[in-house]
Amino acid sequence: MDKRKWIVTSAWPYVNATPHLGNMIGSVLSADVFARYVRLKGDDVVFVSGSDEHGTPVAVSAMEQNLTPEELTKLNHAKIKSLFEQWQISYDNYTHTHNPVHMKFTQQFYEQVNKNGYVYTQSENAYYCVKDKLFLPDRFVEGICPYCGSDRARGDQCNKCDKLLTPDQLKDPHCRHCKTTPEIRSTKHWYMDFPKVQQEIAEFVKNNPYIPDNARTSSLNSIENGLPGRAITRDLAWGIPATFPESDGKSIYVWFEAVLGYISAVKEWAENIKHQPE
């Protein structure tokens, strides 16, 4: 039988905190067992994963611990990597998203998407903290929930009643860090034009034999309701700098870049690990 080639991945742990045992059992162990199985069969295997380091929760955790986001992610990435080594998880490359290979790959990927005509710009109003001199991500805004009256609701969700929110719904909004009342200012972002490829996405979901029926039905229902454009960029210093024209000061939204880590981790392995001299 011909030797087969496999890329095996496991979910990337988020580094605002150390993962618990359930994270290990749910994704990592099953992927490790499969990688070991196909290696034993004599197939070629590249098993990759890494630490998901960007986004608002990391920035919030770092602020609360008097650390920079980079300091916090370095500490937690080292802890997580050490845990996987102690468990003898057989990664060929366990990496992280704040590394040069992933950052460059992400920037080049979205530059090409933009050149292909699937990115547009749009201005929106957002809360700006004059004291901290930054636009506030949703989780940096706190206030009173319009549904249950909790005074600890965030700009994306109320943890007391579990209602999803937007920052402008909060009563008496304030900056989570300095507690001052923010201003509303206009900011421009770069959006993925999902409506332009809605039909292609629907056809892919319908015809892909590997998608479970329940996931297919749920996805098609969402698509039929109309896919909105989604902002690729954020007004957040911690992240991968956006390289669209005139996008200085913007970063790539973590949900748009972390998923590319499965590809960039293999790229990093091929460039920096496979070809290292023995």
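The side chain of D156 makes a polar contact of 3.0 Å with the side chain of R154. A polar contact is a pair of N or O atoms within 3.5 Å; within protein, one atom must be able to donate a hydrogen and the other to accept it, and residues adjacent in sequence count only if both atoms are side-chain atoms. The model is a predicted one, in which local features need pLDDT of at least 70 and side-chain atom pairs count only at pLDDT 80 or more, while totals for chains, interfaces and linings use all residues. Residues are numbered from 1 along each chain as its sequence is written, and side-chain values use heavy atoms, with hydrogens and water left out.

D156 also has a polar contact of 3.1 Å with the side chain of R139, again through its own side chain. In the chain, D156 is placed in the loop between β7 (153-154) and β8 (171-175); helices (H or I, at least four residues) and strands (E, at least two) are DSSP runs, numbered from the N terminus. With a relative accessible area of 17%, D156 is buried, a word that stands for under 20%, whereas exposed stands for over 50% and partly exposed for values in between (1.4 Å probe, protein chains only). Beyond its neighbours within four places in sequence, D156 is in contact (heavy atoms within 4.5 Å) with D138, R139, L164 and L165.

The nonpolar interior comes next. A nonpolar core is a set of buried Ala, Val, Leu, Ile, Met, Phe, Trp, Tyr and Cys residues joined through side-chain atoms within 4.5 Å. The largest such core has 18 residues, and V8, V28, F47, F84, I89 and Y91 have the most contacts inside it. Two or more residues each come from α1 (21-40), β2 (44-51), α2 (56-64) and α3 (69-86). The largest share, five residues, is that of α1. A second, separate core of 15 residues includes V60, C158, C175 and C178.

Aromatic rings form a further theme. The structure holds 16 aromatic pairs. Rings of Phe, Tyr and Trp (its six-membered ring) pair if their centres lie within 6.5 Å; planes under 30 degrees apart count as stacked, over 60 as edge-to-face and the rest as tilted. The rings of F34 and Y37 have centres 6.5 Å apart and planes at 45 degrees, so this pair is tilted. Both residues lie in helix α1, three residues apart, about one turn of the helix. F34 is partly exposed at 32% relative accessibility, and Y37 is partly exposed at 46%. The pair of Y253 and W255, by contrast, is stacked, because the centres are 6.0 Å apart and the planes are at 20 degrees. Here Y253 is partly exposed at 22% relative accessibility, while W255 is exposed at 70%. Ring pairs link Y253 and W255 with F105, F109, Y110, F194 and F256 into a cluster.

Charged groups also meet rings. A charge sits over a ring if NZ of Lys or CZ of Arg is within 6 Å of the ring centre and within 35 degrees of the ring normal. The charged end of R234 sits over the ring of Y253, 3.6 Å from its centre. K196 lies over the face of Y118, at 5.6 Å from the ring centre.

Finally, four strands form an open sheet in the order β5-β4-β9-β10, with antiparallel pairing; two strands pair if DSSP finds at least two bridges between them. At the edges stand β5 (134-135) and β10 (230-231), each with a single partner strand, so one side of each is left without a neighbour in the sheet. Strands β4 (residues 119-129) and β9 (residues 183-192) are joined by 10 bridges and run antiparallel. The bridge partner of Y120 in β9 is Y191.
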